Structures are given as C-alpha cells and as structure tokens.
Amino acid sequence: MPKCLVCYKWTLDEQDIKIKPEDLSLDASRAKGKISDFDRNAIEEAALLVEKNGGAVDALTYGTATVKQSLKDALSRGPAKVYWIADASAESADAAVTANVLAAAIRKIGPYDLILCGEGSSDMFNQQTAARLAALLGIPCLTFLQKLSGEGAVVSATRKLEDGTEEVSVTGPVVVSVLSEINKPRIPTMKQVLGASKKPNEEIKIADLGLKPEDLVPKATRSTVKGFVMQRKNVMFKESSAADNVAKLKAGLASEGLI
Amino acid sequence: MNFELTEEQQLIGQSARDFGKQYIEPIAVELDHTGEYPKALVQALAKHDFMGLLLPDDVGGAAAGFVSYVEVIEDLSRYCAAVASIVNNHTIAAYVIQQWGTADQKKEYLPSLAKGELLGGVAIYEHGPTPGVGAEALVATKQDVGYVLNGKKAFVRNAGEAGVYVVFAITDPALGAKSLTAFLVKAAAIGVTVGEKLETMGLKGCPVADLTFENVVLAETALLGTVNGGAAIASQALAVASVAEAAQTVGIGQAAVEHAAAYAKQRVQFGKPVATLQAIQTLLAEVATDCHLARLGLRNAALLIEEGKPFEVEAAMVKSFLARLGSKMLIDTCQVEGGFGYSESMPLPRMFRDIAGTNLLDAPGDFPEKLIAASIA
Amino acid sequence: MLASQLMTPALELKKSLNQPITALALSEADAKALAALGADHAVFLQSAGKWVDGFAEAIFTQVSKAAASIVLIGGTLRGKTIAAYVAAKMNAGMTTDAMTLKVANGKLQATRVLYAGLAMCEEDVVLPAVATIRPRTFLAPPAAAIPGTVETVAVETDARVTLGAVSPNGDTGVDITTAGKLIAVGRGFRKKEDLKLAEDLAAVLKAELACSRGVAEDEHWLPIARYVGISGQTVKPDLYLAVGLSGQVQHMVGCRESKVIVAVNTDERAPIFEAADYGVVGDLYEVLPLLTAALRK
C-alpha cells in the first residue's frame, strides 16, 4: 500500500467575506478559517484509500500562525499525523513559494509514494500546486481526478477533462490533484473529533528546510482586490397574474432591443 | 477567562451542524407532518456518535463533556428540535445511570445506550398533583425479593421507542414524595404498557405517551441509587436536562432569527428591503440579543456541570430568562416574516410550535425564580 | 483552436516587450496556423507519445531555448497542468486564467477572479512569467501579413505515465459561447421532459439552451458543454434568460458579463434576482408557455 501524504491549505471561508459598499474592498474580519473545500476531498480520498488498502496517511500544511487552528480539524478527517509549517512568509506566498516550501518539507519528511492535493484552493484557485510539486520533486503528476485507486505500487486514475475522460496510471511515486466530485467528505463523528487531540502533530520550521531566501520571495503579487458587485437594473415583475408579468417582461425585452 | 468554545468544541459544533444540514434538514418538514419516529435518522445519529455523548469511552461513549453536549443539542435543534429532544431524553436517561448506577447496571445498559442500539427514556411526571399523590400514583411496593410497581407515569418522552426507562416511584404512600425512588425498568417487562401517543403541539417525532405499570415485578437489582433517594436524583436530572433544553430553545431561536433576517433583506416593501425599517430591525435585534445572552448563560451553566460545581442557580436563571423570552423569539420572527411566513410551507410556524414545547420542559426543582431568590436573599 | 486566441494578447505583449513570438504546437497543421496568425517562429513538437500532458518537459525545453519572457498557455485543465509544471521548472511565477494581460513596470500584469467569483484582483508577475488564458477570453487575430517560420522538432514525452482508455464526451458541435441569446435552465424544472418548455421558448427567441451545474452533472439532462459556471463555460450573450435557476455565485461568474440578464423563479429571495436586469417572480410552468405565446405574436 502506498505511503500517502495529503497537502491542505487553511483558507478563509469566502462565505464570511463581505464587500464594503464604500470602496468595494473586502472585509474578512469576521471570516472563519476552513480547510479549503477541494483539499477536504483530497483528505477524504486518502482516508478512503487507507480504509481500503491499509497503511496510514500523513497531512502537511503551510500557512501563517492561524494554521494551528487547522490541525485538529485535519486529524479528525482521517490522517494519522499532521506536519505543519507556520510562517509569516505564507501571508504573501504565491504558488511558486508554496510549492518550494511544500517540496522542501516533503524531501525532509518523505519519501511518499502518493501525494494528494485538491485541484485548487477555494480562495485563490491557482490550480498550480500539484503540477509544481511534481516538477520540483521530479515525479509525474496526474491532475483533475474523478477516480483514484492505489494497488501496490501502481496508482491508477481517471482524469476528467473538458473533452472527456482519460485513464492513466503510474508505477512509482506520483502527485495527484482531485476534483470535488471524486468523493463526499465525511462529517467527522464525535469520536473522530475527540480522537484528533490524541494524534500527533509536528511543527517544521522554515529555517530547517534548507531553502534559499529567494525561494520564499513571491514572483506573483496581488494588488487592487475588489469585490465584484453586479450592477443590474433589478426590475422585478411580481404581479399575481403571470400574464401581466409576461407582458411587462416582453416590453422590457423590446426596450432592450432584444426582440 | 475565555468566552469562546475550544477548538474541539467548535469542531464538534461544526460536525453537528453539517450532520443537521445533511441528515435532518431534508426530513424536518415530513417529520413534523407525520410525527413518525425517525428510526433511520436515529441510526445515523448513532453512527456519528451522537447517542453516547456524555458517556465515558470505556463503555463506548464519546466522553464529550457537557459544554460540547449543549453545543450539539443547540446545533441539532436549529434543524429540528424534535430530533434534539429524542437525543436529550435518551442522553439524560444514560447520564442518570452513569451517575447513580451500580457497576452491574452500568455494564448492562451503558454500552448499548452509548451505541444507540438501546434508546433510553425518563418517567418522572404523573397526572396527579405531584409525583406520588393521587389514585394513579406510581407506587413501588417492597416484596421479599424486589418490588412490584403499580400506577401510571405521564408525558414520558421517547415512550414506545425506548428499551429502558428510568422510572420514579414512591415506596411509601404515607411518606409521599419523600419516598421517591428511582428504578430501571425494561420496556419489555411484563405489565408495562405504553399508552396512546400524544398528539403534541410541536416537537413532533419525539414520541410522548403515558406508561402504565400493572404488577410489574422488579428484581432488587433494578433499584437505582438508594431507597427513598429518588428525589435528589430527579432534581439533579431535571436540572441537567433543563440546561440542554435551554440549548434547544436557543437553537430554534437562532435558526428563526437567521431565517427572518434573510427574509427581511429580500422582501421589498415601499421600495426598500424591510430589513431597513426600524420596526423590523428592533425585532431582529432583540431576538438575536436574547439568543446570544441565553447562549452565554447556558454555556456557563454547562461548564459548571462539566466541572462538577454547583450549577442549579445558574441553570434556573437561564430557564427563567427563556421562559419569559423563548416564545417571544418566535412571535417576533413570525412578525418579521408577516403573511409569507405564516404559511406552513415556511419553517417558522413549525419552530413556533416547537419552541412552545422546549420552553415547557423540565424546570430545576421549584419554580426557577424561587431558587434564584433563595440564592441571593 | 485555443492557441489562435492566445495570439491576440501575444501580439500586444510583443509590442510592449519587442520580443519575437514562438508558438509551440502538437500538430503540423496547428503550427502552420499559428505562424499564419503572426507567430514569428512556430514549432511542431513531434512525438510518438499520445499523452498531451506528457509534453510538459519538452515544452519546457523549448521555452528555455527561446529564453521566453512570457509563456501563454490555453487555460484548459491540461493547459494549466502543463503551465504550472513549466513555471516550476522555470522557477517562475504564474497567473492562472488571466482575463486581461499587459506589461507594466517590467512585470506581467493580469486581472483575475478570486474567492469563487466574489472578487477580482490585479496580479503582477515578475518576468519571466507564465499565464494561462481561458477559452474565449480573446478572439483570434486576423491573418498576419507575413506568416512566421515553421519547424518540426522530435521530442520525447513522459514515459512514466501509461495512458489507458480515452472516452470523449461525445457531445461535439455544441458551443454555447457563440450564441447571442441563451436560456439557462436550473433545477426548478422537475424532470427532463419539462425542458421542452425552455426549448419552445428558445425556438421563438432563436436562443440556445444552457444550464446549471446540477442539470448537467447531477441530473444529466443536458450535456456538460452546456453548463455555465466557474468550472463550466463562460458566456457573454446579449440575453441570458435564467429559468428555475437560483443564481449562486459559482454559476453567475460564468454569465455575469451578459448584456441583459433576465430571471424567472418562484422564490423571490433567490440570489438570481439581485443579478438580473429583469426578474419575473412566478412559476416557470406558467410563465414560460405564456412568454413563448406572447413572443410569437
């Protein structure tokens, strides 16, 4: 059975983020943290593989100090151990920095046969981590999986792409990214939540990863983040007679030159 | 001092809400209409370890602690308070056995209660003026070996579905309530009959019925706690239960105010969402405030229970607060939703009926105000 | 071909950077087509290997050879995989699904979507940089006055991955992104047969049918090519008529640049109404036939 590692990101819940009407900037002050949605699928997939084939799965996360809030959450979902890197560099880290840090950590705590990621993070949705990790670690990657199985040393999967599906397999270590449809993450039972505090977690210091300073400097930086607000006419037809509403809609469509 | 739940308690709450959303929300309306005990749902609850929350792990419980417990009850109640009632009545029965049972009794009942294979219920009330008084009072007459029970218990929740009941009976009509004694009675015991299910105003799906005991023979080993020591057990059980029931009330109130707020933001009258009208804002603010303060109060009481400290006064305060304001939360939110919300296809009417029920339930001992006043004057 | 569309931003960036455009293609015909659109140098990467993703290393080799400042790759799922791989090998930054691109202050400046459609941002990437661009973000440019050169290079693909069965979707010919009018159906429709109401309306309006994720992926009432949303199609028709569709952010991000959005829904509180120019609160089973009849007159 493959030795599995699942990488996850602790993100802000976008449902809690509000758009300030004055300047359309984002107010995340009340946003709670969550394990990125697609990463939950990755963790669940790893847990399912372990349930099927035996073995154990580790989890790895890189974030700011808040990442400590994620540990019990992650451990309640199946992993036997979670490795965590909490560093200020994560605040501005882009996909390049993230991959550098994760790859260095994997070199330190690995090797792993199967490394799982979500297809993208629910906040930035860069969709780069899995492929970057594969490139840095010198192993192949299978992305956008709707199905995954690991029998012995062979990892087989079904990718779902725009034009159809393709079946792929790899013998030997591989990085994968999974789609949300691959599984439905379990609701941790009470015992699983309470059992999480009994599982080990280990901090990895960035300084111990042997990275060069430039590896932690982001190549992509974000500016001018603005909430997207739909500016629409919001003309509502709510008469009790559907025929009346339809007549008014027809007039509206005509005024727009659409009919 | 920290007013926030611990990380673990928050995760427990999140799991309970996710469970509620996935398993309870889809059947809540149907459950209210049919009032049929949701067997499959209870099995799902058991699978997620919700049926053994307060029991220690050596009997298969989750050993969650009381603060986590009330968090779960509140979260389940957001989706359907009747389901939370099933869980709570079961949990209190198990709690009583855990606190006062002998090693043998614990061994016999707790593992299957923890797994939710066995459902528990508590039989305290009677139709008479106080337990132990009146023609139908439940009397446990001492025999050479064991006791014989005769009489009736009223308003027993989980009746008919429970496999074991914690039953309070008097041993001596001359002493009346002072001789109240607790027993463990199996539902299958000969002479135990479950009466017709009560059609309650709300909390439908949590069965309520009378239990009739006709010459029910109990072995000595069925005695729970000490002879004539039942009043203390009942009082404690009710006080603990009342804190959980406060969580039910708050859960319903919270769900109601969130629903009403979402409605008010969308409903446009006089050219603006009604949420901009001061009258509506006042109603929503009051309900949100009452929920928040009641929640803090009940968490405080829950923490005292968890720490084994005296809690009856704090529990009484929460009970008293919600007795006055619990139903008001639904009166106000229904007012916000107006004509739209009055329809049975909307959730508030059901919640209105449910919260009337959670508010009626067990008070700690005497009227709460009496207890509170006694603590300060 | 998606790469043809990428030539438009490429030609703009060429002006800013004054650097030649190299185009990489996996067929000779595509290489020639890109040369015809203005690529100074087009390279056909020839290999016996069939797995597209397996070309990533070979693509990186060509990128290094060309000493590219900017690499543009079509934002398909494969494209994004290859792009991220190449970016890592280049030790470069990458901006995913850029909606606009320009060079400013010696960096590649892109705008893109964040938080599942909640927000937009500007992203600056130091050069050399990689960017992926989603289909139909740009239109292909007209033919260049002088086509570029075309070269064939034999390459190896990744032998570590075994490609098994490939199952195409089989709903070719459906391209809702070119439709001027779309009727988008959601789960307000109770069954597949009821979509006929929308089809009748579409016939009168000369519109195409589109749908929500649930209709395509859960109910399978319509092919995936008709699904509009964050992981489906992005459309910009003149009219987007959403029927029985709640209008969540993940859907709306795919159609929010439509000229006019109309919604029909029984739930007055559905988010679609906030995003609509015109909204009818009513039962689609009643409204649609009436609307079809009214428009026939």
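**Figure 1. Contact between chain C and chain A in the predicted model.** In this predicted model, 62 residues of chain C are in contact with 62 residues of chain A. On the chain C side, the elements that each supply at least two residues are α4 (77–90), β4 (93–95), β7 (119–126), β10 (161–168), β14 (260–265), β15 (278–281) and α8 (284–296). Helix α4(C) gives the most to this side, with 9 residues. By class, the side of chain C that touches chain A has 36 nonpolar residues, along with 12 polar and 14 charged ones.

**Figure 2. Strand pairing between chain A and chain C.** Strand β11 of chain A (residues 164–171) and β10(C) run antiparallel and are joined by 6 bridges. One of the residues to look for is Gly164(A), whose bridge partner in β10(C) is Pro168(C). Strand β10(C) is also among the elements that supply at least two residues to the side of chain C touching chain A.

**Figure 3. The two domains of chain A.** Domain 1 of chain A covers residues 4–216, and domain 2 covers residues 229–259. The centres of domain 1 and domain 2 of chain A, taken over C-alpha atoms, are separated by 46 Å.

**Figure 4. Prediction confidence in chain B.** Chain B has an average pLDDT of 93, and 98% of its residues score at least 70.

Notes: Residues numbered from 1 in each chain as written. Chains lettered and ligands numbered in written order. Predicted model: local features only at pLDDT ≥ 70, side-chain atom pairs only at ≥ 80, totals over all residues. Domains from an automatic or database assignment. pLDDT = per-residue confidence, 0-100. Contact = placed C-beta atoms within 7 Å. Helix = DSSP H or I, 4+ residues; strand = E, 2+ residues; numbered from the N terminus. Nonpolar A, V, L, I, M, F, W, Y, C, P; charged D, E, K, R; others polar. Pairing = 2+ DSSP bridges.
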